[in-house]
Each structure stands twice: as C-alpha cells, then as structure tokens.
Amino acid sequence: MRRTLISVVAMALVVVGLQSGIAAASDQTSLKEFTIDKDALCQLRDQWVDKLLAANPKPHWAKMKMELTDRQLDMIGLPSREVLTAQDYPTPTLVTKSGATYDVPTESLENAMSPLPQAGTFAGTGCLGIRPGSLLLIVDGSGISLCSMAHVYGAAGGYSISTAGHCGGVGTTATVIAAFGNRADATGVVLLDFGRFSTSHNNSLGDDYALISIDPAYQALTTPTMCFWGGPRGSYTAQGRLANFDWPNNQDPTVSVDPNPFLAQTVVHYGHGVGVGAGGTPRAGEAIAWNPDSFMFFGAIAPGDSGSGANTLLGDTVGANMQAAGIMTHLWVDPLMRDGFGIMGGTRVTMVGTPAVGQIVPYPFPVAGLP
C-alpha cells in the first residue's frame, strides 16, 4: 500500500483526554510539538547530499526527495516502515514504535486549532493544521521519503492542498502526524488519514505538482496561511530572467540584464529541510529566473523542502506582498551543496491554479476578522 504522512508541528503542552482501545477513557495523554533532533537532521542531510552527488557526477537537476531507511526513521523519532504501513488511520490514532495503537478524539485536534485564550498553551513558532509548510513522509513499495506541503486551493469546506508530483501518485492516502503523544503506558506519534492525492504530475522541472483532496471531516484542520511568513496574497505572474548569458559562435560572452525591477524578488518558504532546523524552518533566497512554467532561486538547500510552497516577499506590482510563487521540486546538483547552499527550482503556481488567500498573521493559527 502506498501511503503519505504529513507532520503538523507545534501542539506543544496541549493536554487532552485520550480514550485508548486498550486503556480506560480517563487516561490522559499530553500532546507536544513534533520535533527532530538537530544532530540527526544534520547527519541525514549529509547522507542525502553524498547520495545525490554519487548519482549525479555532472551538474544536473535532481528531484528534492530523500528516501529513508528504518534506521533513519528511528533517528527522527518515527516507527519503522512495517509499523507505519500495518493499518489505516481513518480517525486520530496514537502509534508507538512497537506498533501499539490508541484512539484519540478528533475534537482534541480541532481544539488545538482554536483561537485565544488557548493560544497561551502553545510554545515556539510552529504552526498547527494542514497548511503550507507541513511535513510529508511518503511510504510506498519503493521506500519512505521526505517532502513538505505547498499551497491550499479551493474554499473553506472544500479545500485541497498541493505538493510536488513526485511526492505521491493519484490515489495515495495522505496521513497527518498531528503530534508526539505521551501517556502513562505509551509514547508515540498521532496519525490521521485526511485525504488522497487527486492529481499528480511527476515530470521535469516546471511540470511537477500534485493536489491532495482533504476529507470533509478534516476541513476544520485546514488553513491556507503559510507557517511563519503568512500569505499567500495572490499569485506572482511576472516572467523573465534577472540576467542572461550568451556565447555566440564561441566568441566573448555577453551579459544582458532584464530591466523589470519586479523580477528581483526575495523568495520565502517554510518547509522541513533536514540539517537546517528541527521541526519546520522559515528560510529565504534570491530569485534567478521566472520562466512561464518554472522558477529558480538561490538559498539554503535541504531535502525535506521538496513539495513545499514558496512565496515572494514583495510582488509583481507596487504594494503587493507575499504572493504565491510556486512549489519547490528540484535542486541543481553540484559540489557546492556540501556547503549547505545551492540553486533550487520548482513549478510556478500559475501551472496549478489560483491558491486560497492566507492571512497576514502567520501562526500559530489564523484569527477570524484579521486581514
């Protein structure tokens, strides 16, 4: 069975009741932020870079996807592939590394998305809900790999969410990791099947995207607002390259610069790149090119960012900001990756559709009445 898992971070210090399939309903479970040890993340990034360089001895565009072994799953605090794929999770379920399972009321996750005063119980700058920046683990017959989520599409009550096409095929089940759960006799992750991949384009740079249809029962857990950065607020549509290089007939190279000042954009994104930060990490890079179907920028590289959404800090018109840029899918593979930086590319949002509007207030959840 092919499965996909998404991490929704920052349910720190929220205490809820948990009715176990084995234990009594009075047993209490504390839910806290899903985080990963920083040393383990650095090791995973180094292993990923070494593998990419070995497979691509010459500079080459490669999909930002990292396959995980059982040992690596254990390093980041998750059960083995055998445990993760042993059953479906139509309702929230606490799963231990040994494979034991316990029921969690859906209301517990919905309450964690509630506005003040409960916000005072949240720690850190993580983000709750199914939204841009949530982590994906893809579990299928070929192995387990990391991705992140991009923009939300549709309207409240009928949302879908996007990611890279190479993160899952049509029909793949999407499962959210809601938190780490701790109780008297069990510690594990809370899993929930929340939808399926309805569209998937697994092709080259500029044609690599997918949409996940979110089940009606879990629409309340969905928000279009990007973690940390906020937005998106419309779509970035300008086209062009900041600089072009030409070598006509092996003569001296010439350089031309596009005069459009709106092409010089800072690209901001929030994903789960390993080796950059535990849990989700906000980052920024500088745009290089805006092609009709793809975009490219320079910034900090990380494998878990594949499929994450990118916005522009400003926009394609005066006064615009946090416009949706697209979905990060590819990395230009060369030895500079060992320094943690590189050129990344992805599918422009205009190839997917019009994303739902996010709020300017980015976390820990949107607040009704605010822009």
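**Close-up views of a predicted model**

**View 1. Helix α1 gives the most to the lining of the largest pocket, with five residues.** This is a predicted model in which local features need pLDDT of at least 70 and side-chain atom pairs pLDDT 80 or more, while totals for chains, interfaces and linings use all residues. Residues are numbered from 1 along each chain as its sequence is written, and side-chain values use heavy atoms, without hydrogens or water. On a 1 Å grid over the protein atoms alone, a pocket is an open set of points where a 1.4 Å probe fits, with protein on both sides within 12 Å along at least five of seven lines; lining residues have an atom within 4 Å of a point. The largest pocket has a volume of about 240 Å³, the space filled by probe spheres set on the points. Among its 13 lining residues, Trp48, Lys51, Lys65, Met66 and Glu67 are the closest to its centre. Helices are DSSP runs of H or I with at least four residues, and strands are runs of E with at least two.

**View 2. A salt bridge joins Asp50 and Arg338.** The term denotes a side-chain nitrogen of Lys or Arg within 4 Å of a carboxyl oxygen of Asp or Glu. Here the N to O distance is 2.7 Å. Asp50 belongs to helix α1 and Arg338 to the loop between β22 and β23, 288 residues apart.

**View 3. Lys97 and Asp74 form a salt bridge.** Their closest N and O atoms are 2.8 Å apart. Lys97 lies in the loop between β6 and β7 and Asp74 in helix α2, so the pair ties together parts 23 residues apart in sequence.
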